[in-house]
Amino acid sequence: MRMYDIILKKRNGQELTKEEIDFFVEGYTKGEIPDYQVSALLMAIYFNKMSKRETADLTMAMVNSGETIDLSEIEGIKVDKHSTGGVGDKTTLVLAPMVAACGVPVAKMSGRGLGHTGGTIDKLESIKGFSVEMTKKQFIDNVNKIKMAVGGQTADLAPADKKLYALRDVTATVDNVSLIASSIMSKKIAAGADAIVLDVKTGTGAFMKTLEDSFELAQEMVDIGTNVGRNTIAVISDMDQPLGYAVGNALEVKEAVETLKGHGPEDLLELCIVLGTQMLLLAGKAKTEEEARKMLQETITSGSAYEKFKEFVKAQGGDVSVIEDLELLPKAEHVIEVKSDREGYITKIVADQIGIAALILGAGRETKESSIDPAVGIVIKEKVGSYVKKGDVIAYLYANDLNKAKISEQKLLEAYHIEEKKPEERPLIFGIVTKDGIKRF
Ligand code: URA
C-alpha cells in the first residue's frame with residue numbers, strides 16, 4: 001500500500017477502505033509517513049468529506065493507536081462528559097461535583113486550553129498545589145472513594161489523535177465534522193467510560209458555527225459511540241456568547257465555586273443541570289428527568305456539591321483554604337473598566353474574539369509551549385440583550401501587563417455589537433441527540 005494512492009483516492013472523492021485508514025493512521029503514529037503527506041490527505045478529507053463508515057473506521061484506528069483504559073475496578077456505571085470547546089466553559093468544575101454528590105462516579109479525562117478555548121486542567125491548576133499527575137491506581141482509588149477524579153490525557157491515550165490534532169491545528173483542517181467527531185470519540189472510547197454525555201457547542205465561540213453543522217457533528221458522535229456499545233447522548237448548547245461571566249483560569253474557578261455555593265450565573269447552572277440530568281439517567285440513578293433535576297438542584301441547596309468539590313481538590317493535592325477564601329486565588333495587578341462607546345442593545349458578543357482578548361492578556365497559550373498566567377482574564381458585566389448607555393461599564397479586564405491590556409481592550413470592544421434594535425432571545429439549549437434520533441427544542 002502507498003500513501004500517495006490513498007491521497008489520490010481521497011482527492012478524487014472516493015471512499016477509503018478500513019485497511020487504507022489503518023495504514024495511514026498507524027504509519028503516521030509511528031513516524032513512517034511524513035507530515036506533508038498527511039497534511040495533503042487531511043485537506044482532501046476536509047473538501048471531500050468522509051462517509052459515516054470511514055469516520056467510524058478512523059475513530060477506531062485512533063483508539064487502537066495506543067492504550068485503552070480499563071475502569072472496571074470502579075464500581076457503578078461510569079459516565080464521562082465532554083465539551084467540544086468554548087469560551088468561559090467552566091462546566092466540568094460545577095457539573096462533576098454535582099453528579100458525584102448524587103453518587104455517580106465521574107472519572108474525567110480533561111485537556112488544556114489551546115487557541116481561543118480554555119481547558120479544565122489549566123483552570124484547576126490555578127488552585128495552589130492542585131495536580132492531575134497521579135498513577136492509574138490513585139485515579140481509580142479517588143473515584144471509588146470520593147466519586148470523582150480529573151486526570152490529564154496520558155501520552156499513550158489515542159496518540160494518533162494527538163499528532164493529527166496538532167497537524168490539523170496548523171493546516172486549517174480542524175473544523176471538519178468527521179475529523180472532530182473521530183478526534184473526540186477516539187479519546188472518549190479509549191478513556192473507558194460506559195456512557196458518554198457530549199456537550200456540543202454551537203455559535204461564534206464554537207468550532208461548529210451553525211446549528212445544522214452542530215447537529216450533524218452530534219449525530220455523528222452519537223452514532224460512533226452507540227456502535228461500539230457506549231451509551232452516548234449529545235446536548236447542543238449555545239456558545240454564541242461566553243458561558244457565565246468569567247473568562248480566564250482563576251476567575252473561572254471563582255465563578256464555578258460561587259455557582260456551587262448557589263450564587264452563580266443562571267446559564268452555567270442550567271447547562272450543568274441539563275447535562276447532569278442526562279448523566280444521572282444514563283447511570284441509572286434517576287428514572288425521570290424531573291427526578292434527576294431535583295436531585296441535582298438539591299446538591300446546590302444542601303451544599304453537598306460544594307463539599308464534594310473541596311474533597312476532590314484536597315484529594316488531588318490542592319489547598320482547600322483557597323476554595324474557602326476565594327481571595328487567596330491568584331490575583332491580577334490591574335482591574336480595568338471597559339466602557340461602551342455607544343448607546344443601545346448588546347446584540348452580539350462574538351465569543352471567539354472574547355477568547356482571543358483573554359488569550360492576549362495571558363489566559364491562554366499562543367503555542368503549546370507557552371505558559372499561562374492564571375490570574376488574568378475578563379469578567380463580562382453586560383451580556384446579550386442588555387441596554388447600555390455610552391460610558392457604561394460592559395466588562396472588566398484583569399491584567400498584569402498594561403500594554404497587553406490595551407490590545408485586549410480593543411479586541412473586546414470589537415467583540416461587542418451594540419445596536420438600536422433589541423435582539424431576539426437565543427435559547428441556551430437547542431436540542432438533544434440520542435441513538436433514537438434528534439429532539440429539537
Ligand atoms: N476537541 C477535540 O478533542 N478534537 C477536535 O477535533 C476538536 C475539539
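**Figure 1. Polar contacts between the ligand and side chains of the predicted model.** In this predicted model, a polar side-chain atom of Lys187 lies 2.5 Å from an oxygen atom of the ligand. An oxygen atom of the ligand also has a polar side-chain atom of Arg168 at 2.9 Å. The ligand taken alone exposes 240 Å², of which the protein buries 91%.

**Figure 2. The shell of residues around the ligand.** Surrounding the ligand are Thr84, Tyr165, Arg168, Ile180, Ser183, Ile184, Lys187 and Phe207. By class, four residues of this shell are nonpolar, two are polar and two are charged. At least two residues of the shell are supplied by each of helix 8 (159-170) and helix 9 (177-190). Helix 9 provides the largest share, with four residues.

**Figure 3. Packing of helix 16 against helix 17.** Helix 16 (residues 351-361) and helix 17 (residues 402-415) have axes that come within 8 Å and cross at roughly 175 degrees. Because of this crossing angle, helix 16 is roughly antiparallel to helix 17. On the side of helix 16, the contact is formed by Gln353, Ile354, Ile356, Ala357, Ile360 and Leu361. Helix 17 contributes Lys404, Ala405, Ile407, Ser408, Lys411, Leu412, Glu414 and Ala415. The residues of this contact comprise nine nonpolar, two polar and three charged.

**Figure 4. Backbone of the loop that holds Lys147.** Lys147 is located in the loop between helix 7 (136-146) and strand 3 (148-152). The phi angle of Lys147 is near 75 degrees, a positive value in a residue other than glycine. As background, most residues other than glycine have a negative phi.

**Figure 5. Backbone of the loop that holds Ala158.** Ala158 is found in the loop between strand 3 and helix 8. Although Ala158 is not a glycine, its phi is positive, at about 45 degrees. Helix 8, at one end of this loop, is also one of the helices that supply at least two residues of the shell around the ligand.

Notes. Residues are numbered from 1 along each chain as its sequence is written. This is a predicted model: local features need pLDDT of at least 70, side-chain atom pairs count only at pLDDT 80 or more; totals for chains, interfaces and linings use all residues. Side-chain values use heavy atoms; hydrogens and water are left out. A residue is near a molecule or strand if one of its heavy atoms lies within 4 Å of it. A polar contact is a pair of N or O atoms within 3.5 Å; within protein, one must be able to donate a hydrogen and the other to accept it, and residues adjacent in sequence count only if both atoms are side-chain atoms. Accessible areas come from the Shrake-Rupley method with a 1.4 Å probe; for residues, only the protein chains shown count as cover. Ala, Val, Leu, Ile, Met, Phe, Trp, Tyr, Cys and Pro count as nonpolar, Asp, Glu, Lys and Arg as charged, and the others, Gly among them, as polar. Axes are lines fitted to C-alpha atoms, for helices over the stretch in contact, and angles run from 0 to 180 degrees between N-to-C directions. Angles under 35 degrees count as roughly parallel, over 145 as roughly antiparallel, 65 to 115 as roughly perpendicular and the rest as oblique. Contact means heavy atoms within 4.5 Å.
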